[in-house]
Amino acid sequence: MAKKEYESMTEELIMPIIEANHFELVDVEWVREGSNWYLRAYIDKEGGITVDDCELVSRAFGDILDEKDYIEENYIFEVSSPGLDRPLKKEKDFARSLGKEVEIKLYKAINKEKEFIGTLKSYDKDTVTIELDDEGEMTFKRSDIAVIRLAFLW
């Protein structure tokens, strides 16, 4: 199995636990960090996730992981809050962020700039449009965006 299969199988198997506890599954990732593989589930809920919430999901899903045993490699399973700086990935992330300040980082520069901050005006499966403070609207191809997340200006 490859990355996408591990992530989609995990998402499918963890959803009943997530839904039963009225949480939101923000993302699932299969990543290598150093010499270790990690399977991570990021969860959220209104008002924020607690350590106890993460432990509840981790214990319940740990039993399923043992039973289904669909991952061949040795790995570490973690359940975590997505954090304030989480990237927008899914439709619901974009919908929730309409009208809010976002930060976009591009793979390749446009007019010598790779980072843009503006208000998320619209999006579709191929593009994202933001309103820049003094330069009007700018539309980016999703395929050109390395990461898009809510902007927190301190």
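Six aromatic pairs are found in this predicted model. Rings of Phe, Tyr and Trp (its six-membered ring) pair if their centres lie within 6.5 Å; planes under 30 degrees apart count as stacked, over 60 as edge-to-face and the rest as tilted. Take W30 and Y75: their ring centres are 5.8 Å apart and their planes stand at 65°, so this pair is edge-to-face. W30 lies in strand β1 and Y75 in the loop between α2 and β3, so the pair ties together parts 45 residues apart in sequence. Helices (H or I, at least four residues) and strands (E, at least two) are DSSP runs, numbered from the N terminus. Y6, W30, W37 and Y75 form one aromatic cluster.

W30 counts as buried, at 4% relative accessibility. Y75 is partly exposed, at 26%. Buried means under 20% relative accessible area, exposed over 50%, partly exposed in between (1.4 Å probe, protein chains only).

Now turn to β3. Its covered face holds F77 and V79. Its uncovered face holds I76, E78 and S80. In a regular strand the side chains alternate between the two faces of the sheet. β3 runs parallel to β2, joined by five bridges; strands pair if DSSP finds at least two bridges between them. Y38 stands opposite I76 in β3. The charged end of R40 sits over the ring of Y38, 4.5 Å from its centre. That term requires NZ of Lys or CZ of Arg within 6 Å of the ring centre and within 35 degrees of the ring normal.

Residues are numbered from 1 along each chain as its sequence is written. Local features need pLDDT of at least 70, side-chain atom pairs count only at pLDDT 80 or more, totals for chains, interfaces and linings use all residues, and side-chain values use heavy atoms, with hydrogens and water left out.
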